[in-house]
Amino acid sequence: MFGAVNALGEALVCQALHRGVKTQQRRREGPAAALLWQKPRSAAQQRHSVTAILSKMAGADGDDSLYPIAVLIDELRNEDVQLRLNSIKKLSTIALALGVERTRTELLPFLTDTIYDEDEVLLALAEQLGNFTMLVGGPEYVHCLLPPLESLATVEETVVRDKAVESLRKISQEHSPVDLEVHFEPLVKRLASGDWFTSRTSACGLFSVCYPRVSSTVKAEIRQHFRTLCSDDTPMVRRAAASKLGEFAKVLELDYVKSDIISLFTALASDEQDSVRLLAVEACVSIATLLPQEDLETLVMPTLRQAAEDKSWRVRYMVADKFSELQKAVGPEITKNDLVPAFQNLLKDCEAEVRAAAANKVKEFCENLPEDSREQIIMTHILPCVKELVSDTNQHVKSALASVIMGLSTILGKDNTIEHLLPLFLAQLKDECPEVRLNIISNLDCVNEVIGIRQLSQSLLPAIVELAEDAKWRVRLAIIEYMPLLAGQLGVEFFDEKLNTLCMAWLIDHVYAIREAATCNLMKLVEKFGAEWAQNTIVPKVLGMANDPNYLHRMTTLFCINALSEACGQDITTKQMLPVVLKMSNDQVANVRFNVAKSLQKIGPVLDSNALQTEVKPVLEKLATDTDMDVKYFAQEAISVLALA
Amino acid sequence: LHPLLHSPVHPLKKVDGFPRRSMRRARQRRSHSSSQFRYQSSQVELTPLPLLKDAPVAELHDLFCKKLQQCCVLFDFLDCVADLKGKEIKRAALNELVESVATSRGVLIEPLYPEAIKMISVNIFRTLPPSENPEFDPEEDEPTLEASWPHLQLVYEFFLRFLESPDFQPSMAKRYVDQKFVLQLLELFDSEDPREREYLKTILHRVYGKLLGLRAYIRKQINNIFLRFIYETEHFNGVAELLEILGSIINGFALPLKAEHKQFLVRVLIPLHTAKSLSIFHAQLAYCVVQFMEKDATVTEYIIRGLLKYWPKTCTQKEVMFLGEIEEILDVIEPSQFIRVQEPLFKQIAACISSPHFQVAERALYFWNNEYILSLIEENCQVILPLVFATLYRVSKEHWNQTIVSLIYNVLKTFMEMNSKLFDDLTASYKVEKQKEKQKTRHVLDDICSIIRHIIFHIVNMYRLGHLLNGSHHDSTHSLPCFKLKIVDTIGEETLKE
């Protein structure tokens with residue numbers, strides 16, 4: 001009996017799959033028409049029939065194994081995008097239920113032909129198909145997935161296309177070498193010679209995955225196709241080719257890199273559109289890595305020099321942005337002779353964007369200079385430019401520099417740092433832009449290792465104070481986060497003398513995020529300086545706030561206690577903190593009272609059982625009968641967590 | 001080197017003892033932007049030349065040429081006081097050139113073409129500087145103005161007069177105004193300065209009109225710019241200007257439309273509607289779309305289905321724009337085409353009417369104030385009324401905004417007058433439907449209740465049975481039946497109230 005029902009169910013699934021054949025045909029009117037003749041969503045009306053029959057059947061016999069699948073398939077055509085999307089996301093379930101055979105013969109052709117849809121649905125489909133190998137019967141049949149992915153790779157929407165290419169790249173690995181030549185490579189060729197730019201763009205990403213695994217004749221064809229796309233007349237395709245040039249070069253034999261890739265690289269690097277040229281800079285890194293040192297000068301350097309002086313700032317920006325990679329790829333000799341002057345120029349570029357990108361690379365560039373001449377190059381060539389950048393007109397440039405400049409001290413050593421870098425640090429600490437000052441302070445550890453922080457403390461303090469009181473709370477938050485680090489480097493005495501008041505002032509900031517960060521900061525300080533220090537310096541002040549008329553400040557006391565109890569240990573917690581907490585259980589503000597309950601729960605584990613039973617328990621029991629619902633709730637929660645019931 | 005660093009120190013700066021203040025001022029100055037001058041290695045000292053109008057005829061061309069060469073020198077406008085004399089000389093020369101090309105005949109002889117185009121290229125072609133404000137919003141923010149505008153404007157003016165001069169010979173110009181030139185010209189449309197884009201628009205229009213050989217190329221490159229804008233960067237300042245030019249180009253298309261042009265409509269113009277910054281160029285875009293329809297009515301269905309495909313899902317501001325465009329389209333639609341799209345179209349319009357955003361609903365309801373649209377609706381009342389009736393009826397009862405409610409009453413009244421029989425039928429069936437729905441929900445509730453009662457009955461029975469068989473065994477479920485009963489009671493009450 002079950003068999004019969006199943007057969008009927010399958011028939012209905014079939015019907016669901018093949019419905020819409022009529023509309024398919026109407027849409028095969030050429031590419032433009034196919035795009036726009038959205039299928040009339042008559043499916044919505046029809047679907048009632050299938051689901052109705054199925055539901056009756058399921059209700060009668062209780063066999064509903066195919067029913068959900070029929071619903072899913074129907075939903076692939078529902079009017080509601082969300083339902084279609086959900087159904088597509090469950091495509092693997094549908095495939096699993098249909099079995100490998102029917103997935104190949106029915107589901108995939110259905111998807112290839114009838115899915116014309118919203119980009120969002122197509123995106124989900126493209127992603128799903130990348131993981132479909134096992135569902136169509138394993139590597140042997142993986143090529144069945146190519147037709148739907150091929151049409152998705154020609155879609156206009158970039159996101160969909162990229163996902164389709166990603167899936168194609170994934171399943172290319174699952175093809176046997178023979179299948180790769182019989183099925184995959186022809187697809188790549190078709191895409192590469194498509195009419196509309198979208199398919200040619202997609203093709204660019206597929207060459208490198210099939211090249212290593214095909215015969216030499218096919219290899220020659222692939223190289224030819226790539227060459228053609230590099231000189232395509234739409235810039236979109238040239239951009240795609242340029243962005244894949246490095247990747248493709250990596251899978252090519254060295255001789256072809258020299259003969260083919262270099263000429264393509266040179267051509268793309270002097271393209272009429274800067275958006276193409278800048279992508280060639282990226283490829284330059286990979287190509288230079290592949291070539292032997294002796295060929296670099298003739299094959300790569302002329303192009304790279306030209307890129308560093310390109311008339312478009314976008315290209316120069318790209319060079320600056322990739323400078324460390326380029327430096328590693330071309331090696332120490334060329335760096336000394338060519339890249340140093342190029343880097344100087346980028347640091348002095350007329351566009352702030354370029355200067356900022358170059359400034360970001362100062363430390364890495366100096367680090368990677370050949371050791372024998374490093375110091376001399378930095379002192380005579382780089383440092384003068386850096387000095388100019390310290391007083392740049394653009395704040396992004398200055399803050400980019402400030403984020404790396406401290407790193408130079410480890411490279412230059414103590415004496416040079418004191419003589420040359422220190423004045424720059426000090427100047428940046430006084431910069432009008434808070435971000436610059438913050439970047440300097442956040443990297444203090446580098447300098448600390450070399451010259452100790454004392455050298456800076458004179459200027460440091462005003463800078464910190466100013467940041468600590470900045471009108472923007474995010475700036476205040478940032479400086480709080482560096483406090484533990486600063487405290488560690490400045491030492492207890494300096495801290496007590498100068499910074500302690502600041503840390504306490506943050507506890508009564510009017511922004512909650514600052515108060516919260518301030519409590520966390522105190523905890524870290526106690527971890528650093530120890531419980532004794534806490535007992536003498538901060539605990540009295542924190543506990544003093546328990547009598548503040550402002551309930552927010554009274555709550556801050558509780559938050560501090562939550563954070564500090566563990567670091568302070570049992571003794572301080574029991575003797576000093578607990579009495580204050582317990583006393584606050586009589587606060588007239590309910591928020592304070594339920595925070596007392598929360599605090600007791602938090603510090604309970606630090607207390608001994610005697611204190612818990614004799615002091616905490618009665619208070620919690622009293623709070624559990626509070627008039628306020630929340631107080632009751634948190635008191636009960638504390639009682640059960642601390643097992644006091 | 002940065003031009004600011006090289007410029008001679010201004011006397012005022014020397015006495016300024018507040019370096020911070022001067023730095024701040026320097027940054028403010030940067031809000032005018034230009035990256036034109038970096039390749040000027042050595043600054044040439046300009047000396048004034050004799051006036052063109054005083055020159056003897058024999059020397060006129062030679063002097064004209066010299067002035068063109070003089071105007072190839074670029075100046076630093078970021079430093080507004082640098083080389084004032086030179087700037088003035090160039091400005092005067094440009095003014096003279098403009099006037100001479102505009103007024104006197106016979107000036108433009110062949111040898112001047114390359115010189116003129118060179119002067120124009122040197123001045124206007126430059127990589128546009130990075131935007132001062134990376135999140136530049138053309139609707140909200142002030143655009144960054146081109147600092148060198150005092151000269152640049154005159155160069156553009158000269159170029160325009162040059163193209164418009166009765167002496168202008170396309171056959172000579174085409175040797176210099178080539179594809180590369182046009183490509184660079186198109187790239188300039190990304191300029192943030194609206195004054196510059198305005199000039200570019202007029203100039204490109206003239207180039208398109210006079211240099212026939214470049215037409216296909218220009219169209220293709222505009223395509224590329226748009227495609228990049230839609231699918232890659234979403235940023236290009238000159239979309240509106242390019243569309244404006246295209247509007248007049250489309251106007252001149254020959255019939256029947258070439259496949260290339262149809263493709264442009266379907267794959268470029270329609271997808272342009274998806275752009276985030278649609279509001280900036282929507283008027284021009286809608287104009288182009290309507291132009292296409294007026295040329296060839298058969299593209300109507302492509303257009304309407306395309307718009308429906310890209311209909312905004314969350315942005316009500318864009319939805320209002322789409323509705324505006326639909327009205328423009330319906331204003332000129334052929335009745336035969338209307339019939340082909342009325343169903344999906346009015347489904348969408350019904351959806352708009354039920355939008356909680358009153359501007360969307362209002363814009364859709366305004367369609368009924370348009371006489372031509374009203375006549376189309378009337379002709380197809382049998383199809384359209386059933387599509388929108390339920391929505392109208394429901395929204396008239398539910399909408400929060402009184403204006404919408406009264407607009408809907410007017411629409412309903414219009415329909416009633418159009419076809420009272422159909423209207424009455426629909427009202428009746430709507431009420432029956434409503435009634436059914438009510439009953440259905442009641443049935444569902446009843447069903448749920450009876451199912452729960454069954455379950456409870458079973459549980460209670462089992463519970464009793466368990467008690468009888470082995471009292472202690474079912475102790476853990478002791479409280480279960482009572483608890484469930486409590487739920488049933490509340491549901492039962494609600495059902496009764498209904």
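Domain bounds, as used here, come from an automatic or database domain assignment. The model is predicted. For chain B, the assignment gives four entries. Domain 1 covers 31-130 + 141-176, and domain 2 covers 208-310. Domain 3 runs over 311-418, and domain 4 over 433-497. The C-alpha centres of domain 1 and domain 2 of chain B are separated by 33 Å.

Helix α11 of chain B spans residues 215-233. Its 19 residues, at 1.5 Å a residue, should span 27 Å. The end C-alpha atoms lie 25 Å apart, which agrees with that expectation. Glu234(B) follows α11(B). The phi of Glu234(B) is positive, near 60°.

In chain A, a record covers part of the sequence. The unreviewed UniProt entry annotates residues 145-326 of chain A as "domain: Phosphatase 2A Regulatory Subunit A helical". In the model, this span is 79% helix and 0% strand. Its end C-alpha atoms are 39 Å apart. Pro302(A) is placed in helix α19 of chain A, residues 301-308. With a relative accessibility of 40%, Pro302(A) counts as partly exposed. Pro302(A) and Glu527(A) are 225 residues apart in sequence. Their C-alpha atoms are 57 Å apart in space.

Over all chains, a search of the whole structure finds 53 salt bridges. One of them, in chain A, pairs Arg316(A) with Asp349(A). The closest N and O atoms of this pair are 2.5 Å apart. Arg316(A) lies in helix α20 (residues 313-321) of chain A, while Asp349(A) lies in the loop between α21 (323-347) and α22 (352-360), so the bridge ties together parts that are 33 residues apart in sequence. Buried residues are those under 20% relative accessible area. Arg316(A) is at 1%, and therefore counts as buried. Asp349(A) has a relative accessible area of 4% and is buried.

Chain B also holds salt bridges. Lys67(B) forms one with Glu96(B), with the closest N and O atoms 2.4 Å apart. Lys67(B) belongs to helix α4 (residues 57-70) and Glu96(B) to helix α5 (residues 84-103) of chain B, so this pair ties together parts that are 29 residues apart in sequence. Both Lys67(B) and Glu96(B) are buried.

Glu164(B) and Arg206(B) form a further salt bridge. Here the closest N and O atoms are 2.7 Å apart. Helix α7 (residues 149-164) of chain B holds Glu164(B), and helix α10 (residues 194-210) holds Arg206(B), so the parts tied together are 42 residues apart in sequence. Glu164(B) is partly exposed, with a relative accessible area of 35%. Arg206(B) is partly exposed too, with 25%. In chain A, salt bridges that share partners join Glu185(A), Lys189(A) and Glu221(A) into one network.

A nonpolar patch on the surface is formed by Val444(B), Leu445(B) and Ile448(B). Together these residues have about 220 Å² of accessible area. Val444(B) sits in helix α22 of chain B, residues 420-469. In an α-helix there are 3.6 residues a turn, so residues three or four places apart point the same way. Val444(B) counts as partly exposed because its relative accessibility is 43%.

Technical notes:
Residues are numbered from 1 along each chain as its sequence is written. Chains are lettered from A and ligands numbered from 1 in the order in which they are written. This is a predicted model: local features need pLDDT of at least 70, side-chain atom pairs count only at pLDDT 80 or more; totals for chains, interfaces and linings use all residues. Side-chain values use heavy atoms; hydrogens and water are left out. Patches are made of residues with over 30% relative accessible area and no salt bridge: like charges are joined within 9 Å, nonpolar side chains (Val, Leu, Ile, Met, Phe, Trp, Tyr) within 5 Å. Accessible areas come from the Shrake-Rupley method with a 1.4 Å probe; for residues, only the protein chains shown count as cover. A salt bridge is a side-chain nitrogen of Lys or Arg within 4 Å of a carboxyl oxygen of Asp or Glu. Helices (H or I, at least four residues) and strands (E, at least two) are DSSP runs, numbered from the N terminus. Buried means under 20% relative accessible area, exposed over 50%, partly exposed in between (1.4 Å probe, protein chains only). The expected span of a helix is 1.5 Å times one less than its number of residues. UniProt positions are given in the numbering used here, feature names are shortened, and annotations may be inferred rather than shown by experiment.
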